[in-house]
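User: I'm new to reading protein models. Could you walk me through pockets, cavities and strands in this one?

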Amino acid sequence: MLRIGLTGGIGSGKSTVAALLTTRGAPIIDTDEIAHRLTEPGQPTCDEIVRIFGQDILDTTCRLDRNKLRERVFENAGERQRLEAILHPLIREVVRKKLDVLHAPYCIIVVPLLIESGFIDLVERVLVVDASEGVQVQRTAARSGLTEPEIRKIMAAQVSRAQRLQKADDVIDNNGDRKHLEKEVERLHQWYLSLAATVKKN
C-alpha cells in the first residue's frame with residue numbers, strides 16, 4: 001500500500017482535500033484527530049500534559065483549553081518541544097497500528113507538521129496542499145475567528161511555504177475555487193492509483 005503524507009500550512013485546505021480523497025475511497029489517517037482523542041479528559045496523555053503545563057490550561061469543564069495551550073506553545077519553543085515530546089511518539093504508534101490493518105491501493109496520512117515533526121519517515125510520498133499566504137490568512141480568519149497577527153504567529157512557527165514545496169513530491173494548488181480543487185484532487189487520485197498498481201506489480 002502506497003503511503004501518502006498530506007500536509008500544508010494553516011488554512012491551505014488540507015481537510016477539504018482529505019475529505020475529497022475519502023469520497024474516492026482513500027483511507028485517511030488524521031493525526032490531529034488522533035491527538036484530540038489522546039488528550040480527552042481521563043486519558044493518561046491529558047493527565048501528563050496537565051501535570052507539566054499546569055491546571056490553568058483547563059477550561060471550566062476540566063477539558064484542555066486548546067486555544068490557551070496553543071498560545072503557550074507558539075510563544076515558547078521550549079514548551080512546544082515539551083508538548084511534542086509527549087504527543088508525537090504516541091501519535092506515531094497509533095498511526096503505525098492503523099497502517100497495519102489497512103488494505104487499499106494507497107492511503108493518506110494527514111500531518112499538518114509533517115516536515116517539522118519528523119513524521120516524514122512514515123510516508124513514501126509527500127503531498128503538499130499549497131495556497132498563498134494571503135489566502136491562508138483569509139481562510140483561517142473566516143473559520144476560526146483568530147486575528148491576522150495570531151494567524152501569522154502560527155504560520156511563523158511552521159516551515160515556510162518554500163521549504164514545504166521543496167520537500168513535496170506532489171502539489172495541489174488550492175488558490176482557486178472548489179471546481180479547480182476537485183480537478184486537482186481527481187488528477188492526484190488517478191496518479192496514486194497508477195503508482196500503487198506499478199508498485200504492486202514490482
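Analyst: Strand E4 (125–130) and helix H9 (161–167) each supply at least two residues of the lining of the largest cavity. Strands (E, at least two residues) and helices (H or I, at least four) are DSSP runs, numbered from the N terminus. Keep in mind that this is a predicted model: local features need pLDDT of at least 70, side-chain atom pairs count only at pLDDT 80 or more, and totals for chains, interfaces and linings use all residues. Residues are numbered from 1 along each chain as its sequence is written, and side-chain values use heavy atoms, with hydrogens and water left out.

User: What is the volume of the largest cavity, and which residues line it?

Analyst: On a 1 Å grid over the protein atoms alone, a cavity is a set of points where a 1.4 Å probe fits but cannot get out; a pocket is an open set with protein on both sides within 12 Å along at least five of seven lines, and lining residues have an atom within 4 Å of a point. Grid points are joined across faces, edges and corners, and a volume is the space filled by probe spheres set on the points. Here the largest cavity has about 50 Å³, and its lining includes Gly 9, Ser 12, Val 128 and Arg 161. Searching the whole structure turns up one cavity of 30 Å³ or more.

User: How much space lies in the largest pocket, and which residues lie nearest its centre?

Analyst: That pocket holds about 1,400 Å³. Its lining has 46 residues, with Asp 32, His 36, Arg 70, Phe 74 and Pro 112 nearest the centre. Among the elements giving two or more residues to this lining are helix H2 (31–38) and helix H4 (66–75). By type, the lining splits into 18 nonpolar, 17 polar and 11 charged residues. Ala, Val, Leu, Ile, Met, Phe, Trp, Tyr, Cys and Pro count as nonpolar, Asp, Glu, Lys and Arg as charged, and the others, Gly among them, as polar.

User: Back to E4. Are its residues mostly buried or exposed?

Analyst: Buried means under 20% relative accessible area, exposed over 50%, and partly exposed in between (1.4 Å probe, protein chains only). In E4, six of six residues are buried. In a regular strand the side chains alternate between the two faces of the sheet. For E4, Arg 125, Leu 127 and Val 129 are buried on one side, and Val 126, Val 128 and Asp 130 on the other.

User: Which strands pair with E4?

Analyst: Two strands pair if DSSP finds at least two bridges between them. E4 runs parallel to E1, with four bridges, and Leu 6 sits opposite Leu 127. Four bridges also join E4 in parallel to strand E5 (residues 170–173), where Asp 170 is the bridge partner of Leu 127.

User: Why is strand E1 (residues 2–7) called largely enclosed?

Analyst: Five of its six residues are buried, so E1 is largely enclosed by the rest of the structure. E1 also pairs with strand E3 (residues 106–110), in the parallel sense over five bridges. One example is Ile 4, whose partner in E3 is Ile 108.
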